[in-house]
Amino acid sequence: MRKAIKGVAVVAVVAVGALWAFASVQPSASVNPAFTTRQGDAVHGAYLARVGDCVACHTAKGGAPFAGGLPFDTPVGRIYSTNITPDQQNGIGGYTFEQFALAVREGVRKDGARLYPAMPFTSYAKVSDADLLDLYAYFTSKVPASAQANRASDIVWPLSVRWPLAYWSRVFHDDTRYVADTSKSVEWNRGAYLVQGLAHCGACHTPRGAGFEEKDLSGKTDVYLSGSSLDGTAPINLRSAATGGLVSWSNEDIVASLKTGRNPHSSVSGPMGEVVENSTQYLSDADLASIAVYLKSLGAADQPASFHADDSTVKAILAGQATGRGASIYIDSCSACHRVNGQGATRVFPSLVNNPMATQANPDSLLAVILGGARLPSTESAPSPLAMPGFGWRYDDEDVAQLATFIRSSWGNQGAVVTADQVAKVRAKIAAN
């Protein structure tokens with residue numbers, strides 16, 4: 001028995017050692033050697049940093065830009081973004097271009113430690129060598145250095161051990177650059193390159209699997225950008241499908257949403273407001289148009305919209321016949337801005353009619369806005385950061401559920417009933433943040 005136990009122990013040690021040895025092997029940065037001797041364009045790199053919205057994750061509230069320290073709650077514990085300023089000790093000042101590429105594309109730091117996939121290196125792997133070199137030039141020569149130290153994660157041992165992340169990458173990471181589809185236009189390919197790569201839209205809008213991986217990174221299946229659940233919100237379906245998604249949106253509507261945070265159908269809220277404020281409002285008109293072309297090509301764009309407007313709600317309200325707690329709350333607290341017809345005021349108060357955030361299967365984003373309020377992003381073309389107050393203090397979970405159900409079933413909307421339990425979960429998430 002003792003010999004057997006010793007034998008099992010030896011096998012276990014050898015197996016763990018072999019696993020660790022494999023995980024310790026660094027992947028290749030896969031950089032064309034020609035780019036290691038070139039100088040990048042830091043001005044273009046600054047634009048690309050806007051596309052990637054790098055400042056959003058690598059800047060703590062009130063902290064120096066790109067100095068890290070922003071907390072992220074993951075399924076295994078809280079982590080903090082890292083310092084990516086050119087500071088030699090705490091930032092990336094000592095990184096070569098190849099080491100920078102390894103971190104951005106493979107999620108491997110200069111010291112060989114693995115980055116958690118909260119860093120969207122699975123999307124950044126698609127970025128070209130030329131663009132990556134320009135990003136490197138910007139971060140190492142134009143960003144002010146900050147000596148802010150990196151903060152260790154709050155993840156407890158042994159979950160804090162990072163080398164098993166190499167196996168996560170082996171299973172879920174596709175280290176290939178974007179390859180143009182020659183059957184598509186130059187504009188389509190530019191949009192696909194931005195959306196799949198630096199803009200990493202799938203990080204929020206694509207559902208996650210059991211390993212917390214994005215279920216599709218290539219855009220080749222219907223699950224890509226089909227909507228997800230994220231930190232108490234529900235990023236919408238960006239595909240043009242007859243049931244939900246952006247089928248009712250024109251290319252111009254998509255551009256307006258990315259440029260100003262609002263369009264005739266909806267307005268952004270939650271994390272997407274920060275994306276518009278920090279990133280997409282600064283993109284060129286040509287790039288925004290390319291993104292719109294690409295997004296409108298996803299899904300069943302040739303199918304007619306399934307939405308049919310219905311004026312019975314308006315008639316019932318005007319006749320004093322709108323009954324139920326949800327209708328009463330809407331008339332009392334919502335109709336002054338969003339109007340009896342639910343259409344709001346263009347570019348001021350968003351329409352609730354056929355609004356994908358309000359009608360999609362997952363109501364979390366709608367509930368988050370009702371409970372905690374929202375603020376439109378301030379942009380150069382729409383500088384007024386109009387805000388909606390939260391009503392969580394005024395209404396209990398059942399009240400909010402009734403209100404959300406009324407919104408999701410009025411004016412032709414066909415969203416499912418919302419329960420008090422769903423509201424309670426979003427309320428708890430808001431309170432935790």
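Axes are lines fitted to C-alpha atoms, for helices over the stretch in contact, and angles run from 0 to 180 degrees between N-to-C directions. The model is predicted, with local features requiring pLDDT of at least 70 and side-chain atom pairs pLDDT 80 or more, whereas totals for chains, interfaces and linings use all residues. Residues are numbered from 1 along each chain as its sequence is written, and side-chain values use heavy atoms, without hydrogens or water.

**View 1. Crossing of helices α8 and α12.** The axes of α8 (186-196) and α12 (residues 285-297) come within 7 Å and cross at roughly 90 degrees. The angle therefore makes α8 roughly perpendicular to α12 (65 to 115 degrees). On the α8 side, the contact (heavy atoms within 4.5 Å) includes Trp 188, Leu 194 and Val 195; α12 contributes, among others, Ile 291, Val 293 and Tyr 294. Helices are DSSP runs (H or I, at least four residues), numbered from the N terminus.

View 2. Cys 201 is placed in the loop between α8 and α9 (202-205). Beyond its neighbours within four places in sequence, Cys 201 contacts Val 195 and Leu 225.

View 3. His 205 belongs to helix α9. This residue counts as buried because its relative accessibility is 11% (buried means under 20% relative accessible area, with a 1.4 Å probe and protein chains only). Residues up to four places away in sequence aside, His 205 touches Leu 225, Ser 226, Gly 227, Ser 228, Pro 235, Ile 236 and Leu 238.

Note on methods
Helix = DSSP H or I, 4+ residues; strand = E, 2+ residues; numbered from the N terminus. Buried < 20%, exposed > 50% of the residue type's maximum accessible area, 1.4 Å probe, protein only. Parallel < 35°, antiparallel > 145°, perpendicular 65-115°, else oblique.
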